[in-house]
Amino acid sequence: MRDNMHLMTQMTPWARKLGFRVTRIERAHVWGVQPWSADFSGDPDTGVIHGGVITSFLDNLSGMACGAALEQFRAVATLDLRIDYMRPADQGRDIIGEAHCYHLTRTIAFTHAWAYHESRDKVIATASAAFAINKIRAPSSAGSF
Amino acid sequence: MDRNADLAARLNRMGMVKSLGMRVEQDHAGLIAHLPFQDDLIGNFTIQALHGGAIGAFLELTAMAEVILKTEGGIQPKTINLTIDYLRQGRARDLHARARITKLGRRIASVRAEAWQENESEPVAALTAHFLIGTEEAADSTRTADP
């Protein structure tokens with residue numbers, strides 16, 4: 001997984017469009033960076049990036065953290081995702097994302113994630129999510145749950 | 001009609017609305033948002049599923065549009081928090097959504113929204129969100145100070 005880290009977001013069209021990439025992977029833990037872009041602003045007066053970018057970024061990293069926690073490759077699907085926005089992201093600055101899969105059952109993975117500029121002491125947003133771990137089955141039915 | 005044109009203009013000033021390619025219109029039941037399918041919205045190439053983040057962004061913007069429509073002259077609504085339930089796989093086709101304001105306070109709006117593809121009664125995802133609304137002054141007084 002670590003060797004293919006830079007390819008992971010390249011294979012996901014929406015991630016490629018937003019321009020975020022994975023920068024570091026450890027067991028159950030994934031980090032990434034989302035560059036600032038005017039194309040994804042949410043407030044025309046301030047140029048602040050839209051929350052949807054952070055939703056996409058943290059959802060994606062959280063799913064990857066599940067992958068990094070599992071012993072063998074299994075597809076995961078987001079069940080639900082909650083985001084709390086603490087403060088707006090600064091215009092023109094990259095956003096760092098960090099996701100941790102803190103608990104696994106046979107069927108569900110639980111995650112926490114953070115978006116910030118410098119450190120987790122001053123977060124832009126936090127996320128918590130649950131993912132369904134899909135059973136290994138024929139490719140034709142993969143992804144349904 | 002002017003109000004709809006004004007809403008569309010306000011939405012289109014947001015880069016994210018244009019990047020997603022979404023648009024809104026009024027029908028018999030109120031505001032409806034459309035997200036025409038494009039390859040960029042795919043999250044899983046193998047199974048051709050829409051990205052959960054794209055669905056989430058679309059739902060958040062649909063909810064925001066409903067708030068803008070119902071709070072004429074107010075500030076740009078600011079998202080406080082949101083929860084998205086992913087109910088069905090989003091397939092490689094158009095997505096539609098409607099939002100409903102469950103509580104419109106002076107400073108905070110509570111909103112629900114649902115997105116579907118073929119059938120409105122079979123939602124792909126559902127959102128619950130809170131937005132900070134009101135006048136510029138009210139918004140400033142509710143913003144928490146940085147430590």
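Colleague: How much area do chain B and chain A bury between them, and what share of it lies on carbon and sulfur atoms?

Modeller: In this predicted model, chain B and chain A bury about 2800 Å² between them, with 53% of that area on carbon and sulfur atoms. On the side of chain B, the residues that lose the most area to chain A are B:Met16, B:His51 and B:Tyr86, which together account for 20% of what that side buries.

Colleague: How many residues does each chain bring to the contact?

Modeller: Chain B gives 36 residues and chain A gives 35 residues.

Colleague: What does one find on turning to charged and polar pairs across the interface of chain B and chain A?

Modeller: A salt bridge requires a side-chain nitrogen of Lys or Arg within 4 Å of a carboxyl oxygen of Asp or Glu. Between chain B and chain A the count is one salt bridge, in which the side chains of B:Asp40 and A:Lys17 meet at 3.5 Å, N to O. For polar contact, the rule finds 16 residue pairs across this interface, both residues being at pLDDT 80 or more.

Colleague: Which elements of chain B give two or more residues to the side that touches chain A?

Modeller: They are α2 (15-20), β3 (42-44), α3 (52-70) and β5 (78-86) of chain B, and the largest share, nine residues, comes from β5(B). Sorted by class, that side of chain B has 17 nonpolar, twelve polar and seven charged residues.

Colleague: How many bridges join β5 of chain A to β5(B), and do the strands run parallel or antiparallel?

Modeller: Strand β5 (residues 76-85) of chain A is joined to β5(B) by five bridges, and the two run antiparallel; A:Leu81, for instance, stands opposite B:Ile84 in β5(B).

Notes:
Residues are numbered from 1 along each chain as its sequence is written. Chains are lettered from A and ligands numbered from 1 in the order in which they are written. This is a predicted model: local features need pLDDT of at least 70, side-chain atom pairs count only at pLDDT 80 or more; totals for chains, interfaces and linings use all residues. Side-chain values use heavy atoms; hydrogens and water are left out. Contact means heavy atoms within 4.5 Å. Buried area is the accessible area (1.4 Å probe) that two parts lose on being put together, summed over both. A polar contact is a pair of N or O atoms within 3.5 Å; within protein, one must be able to donate a hydrogen and the other to accept it, and residues adjacent in sequence count only if both atoms are side-chain atoms. Helices (H or I, at least four residues) and strands (E, at least two) are DSSP runs, numbered from the N terminus. Ala, Val, Leu, Ile, Met, Phe, Trp, Tyr, Cys and Pro count as nonpolar, Asp, Glu, Lys and Arg as charged, and the others, Gly among them, as polar. Two strands pair if DSSP finds at least two bridges between them.
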